[in-house]
Amino acid sequence: MKLKSFYKQMDELTASKTPYLFIIDFEKSNPLIIKLADLSNPSPLVKYSFPSITNVQEQPVLLNYGGNQSEEFFKTSPISFEVYNQKFELAQKMMKQLKVDVINLTIPTPIELTNPDLNVIFNTAQAKYKVLLEDKFVCCSPEIFVRISADGLISTYPMKGIIDANIPNAQELIIQSPKEQREHQTTVNLVMQELSIVADEVETARFRYLDRLTTSNKDLYQVSSEVVGKLKAEYHSSFSRLFDKLLPAGSILGSPRNEALKVIECSEGYSRGYYTGICGIFDGQTLDSCVLIRIIEKEGEQSFYKSGGGITLQSNAKSEYEEIKNKIYVPVA
């Protein structure tokens with residue numbers, strides 16, 4: 001679907017208070033919008049499980065874990081540190097030239113699926129947001145993009161900073177790290193600036209709080225913040241204008257926005273596709289959406305697990321490389 005047609009249909013459905021699901025990829029080249037009524041059949045094009053709404057029956061856990069092994073789902077073939085470091089050094093060189101504070105540098109890791117049916121991962125994973133686009137991708141995302149209440153309150157929850165929970169004093173290490181503080185503060189500042197385009201009275205309701213995540217590899221601590229505002233009147237019935245202003249999401253892009261995008265395009269060397277796009281649901285009154293991270297995408301016969309992390313000029317390449325590998329997991333109970 002062309003982006004213009006997508007936006008037109010989004011506003012028409014919003015105005016008529018017709019519930020719908022939408023997906024916007026990172027490059028905005030393959031957006032998708034479907035009425036929720038059309039996703040209620042036994043084999044829908046999109047399966048979804050959001051905090052307050054789903055179109056699937058609760059499924060039994062399909063796999064028996066013998067120690068949190070990601071190999072239950074797939075085998076990975078990560079790029080070497082040397083290859084990653086080339087991307088990292090190019091990114092930092094451009095960041096210095098373009099005066100960029102932070103970017104989200106990502107890579108696609110080739111994987112060999114134990115079972116090519118993505119339903120296995122969708123049914124087994126435990127995540128705040130789960131999305132399955134038939135034979136395209138499965139996503140198990142912990143990250144909220146924006147939520148809009150019926151009375152026009154808009155909130156967003158940028159995530160930036162992750163650490164192995166089994167490291168001694170892990171919580172103190174990540175909260176007190178000057179590098180992590182700068183990176184997170186820069187991302188929150190960017191998100192506040194962008195939210196101020198579509199909302200008034202924007203403020204940080206919570207700053208750098210921790211969530212503990214259980215994964216197929218290990219337990220992790222994830223750092224997030226909560227930014228809130230009051231949606232401006234002109235966006236209440238024109239969500240297309242809102243998402244056109246806010247995408248790509250600041251937490252997976254960088255700051256300043258336009259310069260960060262140039263660095264990403266030159267240093268990453270691949271198309272992100274659905275990864276770091278968004279998926280959302282309008283239920284007729286409220287809207288909830290997530291960032292498409294923790295995602296496995298199929299591209300022909302090959303599958304990729306795409307992951308990334310924020311880098312600054314103070315970042316250490318080896319640490320960032322390890323963080324990207326740490327994010328290759330399936331969240332399990």
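Is glutamate 299 buried, exposed or partly exposed? I looked it up: glutamate 299 is partly exposed, with a relative accessible area of 40%. For the terms, buried means under 20% relative accessible area, exposed means over 50%, and partly exposed is in between, using a 1.4 Å probe and protein chains only.

**Ground rules.** I'm working with a predicted model, where local features need pLDDT of at least 70, side-chain atom pairs count only at pLDDT 80 or more, and totals for chains, interfaces and linings use all residues. Residues are numbered from 1 along each chain as its sequence is written, and side-chain values use heavy atoms, with hydrogens and water left out.

**Around lysine 306.** I followed glutamate 299 to its partner: its side chain meets lysine 306 in a salt bridge, 3.0 Å from N to O. The term covers a side-chain nitrogen of Lys or Arg within 4 Å of a carboxyl oxygen of Asp or Glu. Lysine 306 counts as buried, at 1% relative accessibility. Glutamate 297 also forms a salt bridge with lysine 306, and here the closest N and O atoms are 3.2 Å apart. Glutamate 297 is buried as well.

**Other salt bridges.** I searched the whole structure and got 16 salt bridges. One of them joins lysine 230 and glutamate 201, with the closest N and O atoms 3.5 Å apart. This pair links distant parts of the chain, 29 residues apart: lysine 230 sits in strand E12 (residues 219-231) and glutamate 201 in strand E11 (residues 199-214).

**Nonpolar cores.** Next I looked at the cores, meaning sets of buried Ala, Val, Leu, Ile, Met, Phe, Trp, Tyr and Cys residues joined through side-chain atoms within 4.5 Å. The largest has 75 residues, and Phe22, Ile103, Phe243 and Leu292 have the most contacts inside it. Another core lies apart from it, with 16 residues, among them Ala125, Cys140, Tyr305 and Ile328.

**Phe243 and its helix.** Leaving aside neighbours within four places in sequence, I found phenylalanine 243 in contact (heavy atoms within 4.5 Å) with residues including Tyr7, Phe22, Phe145 and Leu287. Phe243 belongs to helix H6 (residues 239-246), where Phe239, Ser240, Leu242 and Leu246 are buried along with it. Down the axis of H6, the buried residues fall within an arc of 160 degrees, so they line one face of the helix. That arc uses the directions from the helix axis to the C-beta atoms. Helices (H or I, at least four residues) and strands (E, at least two) are DSSP runs, numbered from the N terminus.
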